[in-house]
Amino acid sequence: MMSQGQGLRLISYQSRPNVSHPFLLTAHTLQPSRSWNHFSFKTPGMPKPFHLQLPLPLPSHNSHQTQTGTQDDGIPIDDVKVIAKFKTRYNYIRVLQVSRRADHPFAGSRLLLLDSPGNIHSISFLFKSLTNTYFDVFATLPPILPPGAVGILGFGAGSTARLMLELYPDLIIHGWELDPSVVAVGREYFGLEKLEKQYPNRLFISIGNGLKASIRNGFAGILVDLFSKGSLIPELQEPSTWHKLRKSLRKGGRIMVNVGGSCVEAEEEGRNGKMVMEETLKAMHRVFGNKLFVLNLRNRKDDDSSLALTGELAVPDRDAWKKALPHSLKGYVDMWAPYQG
């Protein structure tokens with residue numbers, strides 16, 4: 001456990017309304033509209049409908065803002081602009097801009113889609129850093145790590161890195177992304193180039209297989225967000241992968257993983273999101289035993305999403321963890337529960 005004195009200094013978001021409840025991050029498919037006026041059905045020039053797998057924030061008990069539009073209502077087509085669309089060896093890349101006028105939780109956001117089902121792999125807003133998605137949960141990790149660099153395996157367009165670099169002024173991040181076109185899109189459309197120039201000694205991006213990532217003396221923490229064709233990559237269902245990743249940690253290091261769930265829609269039949277999530281957790285449990293925790297995000301009985309965390313997590317550790325986080329992120333700490341199998 002890193003104490004506040006020896007560890008990372010936090011920047012509070014003074015302009016952000018305080019919330020007493022963590023945001024629910026379960027991803028939902030935007031339901032097809034009965035008309036052609038909503039983006040969730042079809043847009044001109046698109047061969048398939050977009051099913052945007054977007055995390056839906058939970059309303060705050062303290063917030064004075066009311067959102068009449070929901071994700072299931074769909075986004076009016078006039079409020080969405082496709083600003084890039086092309087295929088690479090690894091991905092079907094699309095960049096979408098949602099108008100700030102949209103009556104929707106994701107108004108004003110820019111989204112990165114990398115597969116045919118339309119799962120979202122990066123999200124950014126022009127005037128705020130927090131995303132109300134699982135990227136914010138990822139950003140809670142550094143205060144419970146030993147000193148050292150954090151690795152992000154599955155870097156995307158840099159959503160997690162941006163938030164963590166702002167929150168923790170001493171943190172060094174090494175990101176790995178398999179598809180160079182994803183990084184190029186991040187630089188052109190998501191402000192990644194500016195971020196690299198702003199933090200030249202703290203942000204390092206490598207193109208290649210994240211499962212082969214390593215640095216001298218090991219990582220203090222690793223964030224795993226590795227999906228392909230709308231599903232967690234098969235290697236994550238193998239205990240040998242987790243043995244290898246554990247060896248790449250320094251003493252006291254931890255791993256946090258986006259393990260998906262029933263909310264994730266795969267391109268291939270037989271890669272059911274919930275089944276793949278369960279197989280991944282079983283593989284992790286064989287390596288980490290009772291030092292495995294799960295944060296389950298659910299707002300419908302048949303639709304959920306989860307993250308996993310390795311390492312011990314006693315009550316005193318949780319209290320210190322919450323003290324090191326800005327108010328908007330504290331609620332996530334108590335959502336972690338021991339993996340039950």
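Start by selecting glutamate 312 and lysine 291: their side chains meet in a salt bridge, 3.6 Å from N to O. A salt bridge here is a side-chain nitrogen of Lys or Arg within 4 Å of a carboxyl oxygen of Asp or Glu. This pair links distant parts of the chain, 21 residues apart. Glutamate 312 sits in the loop between strand 15 (303–310) and helix 7 (315–323). Lysine 291 sits in the loop between helix 6 and strand 14 (292–300). Lysine 291 counts as partly exposed, at 38% relative accessibility. The cut-offs: buried is under 20% relative accessible area, exposed is over 50%, and partly exposed is in between (1.4 Å probe, protein chains only).

**Before going on**

This is a predicted model, in which local features need pLDDT of at least 70 and side-chain atom pairs count only at pLDDT 80 or more, while totals for chains, interfaces and linings use all residues. Residues are numbered from 1 along each chain as its sequence is written, and side-chain values use heavy atoms, with hydrogens and water left out.

**The whole chain**

Zoom out. Color by secondary structure to find eight helices and 16 strands. Helices (H or I, at least four residues) and strands (E, at least two) are DSSP runs, numbered from the N terminus. The chain has 341 residues, and 56% of them count as buried. Now consider contacts, meaning heavy atoms within 4.5 Å. Among those between residues at least 6 apart in sequence, 69% join residues at least 24 apart.

The structure holds six salt bridges. Select aspartate 334 and lysine 322, one of these pairs, with closest N and O atoms 3.0 Å apart. This pair also links distant parts of the chain, twelve residues apart. Aspartate 334 is in the loop between helix 8 (327–330) and strand 16 (336–338), and lysine 322 is in helix 7. Aspartate 334 is exposed, at 51% relative accessible area. Lysine 322 is partly exposed, at 22%.

Next, select lysine 282 and glutamate 279, whose side chains form a salt bridge of 3.7 Å, N to O. Both lie in helix 6 (residues 273–288), three residues apart, about one turn of the helix. Lysine 282 is partly exposed at 43%, and glutamate 279 is partly exposed at 36%.

**Along helix 6**

Stay on this helix. Helix 6 has 16 residues and reaches 22 Å from first C-alpha to last, close to the 22 Å expected at 1.5 Å a residue. The expected span is 1.5 Å times one less than the number of residues.

Which residues of helix 6 are buried? Select Gly273, Val276, Met277, Thr280, Leu281, Ala283, Met284, Val287 and Phe288. They cover an arc of only 160° around the axis, so they lie on the same side of helix 6. The arc is that of the directions from the helix axis to the C-beta atoms.

Now check both ends. At the start of helix 6, a side-chain oxygen of asparagine 272 reaches to within 3.0 Å of the backbone nitrogen of lysine 274. After the helix comes glycine 289, with a positive phi near 55°.

**Over to helix 5**

Select residues 239–247. The buried residues of helix 5 are Pro239, Thr241, Trp242 and Leu245. Seen down the axis, they fall within an arc of 155°, so they line one face of the helix. Ser240 and Lys247 are exposed on the other side. What do the buried residues of helix 5 pack against? Show strand 7 (150–153), strand 10 (219–224), strand 13 (249–260) and helix 6.

Select serine 109, in strand 5 (residues 109–113). Serine 109 is buried, at 0% relative accessibility. Leaving aside neighbours within four places in sequence, serine 109 contacts Leu96, Gln97, Val98, Ile123, Ser124 and Phe125.

Jump to leucine 297, in strand 14. Leucine 297 is buried too, at 0%.

Finish at serine 129, in the loop between strand 6 (120–125) and helix 1 (134–138). Serine 129 counts as buried, at 18%. A polar contact of 2.4 Å joins its side chain to that of glutamate 166. A polar contact is a pair of N or O atoms within 3.5 Å; within protein, one must be able to donate a hydrogen and the other to accept it, and residues adjacent in sequence count only if both atoms are side-chain atoms.
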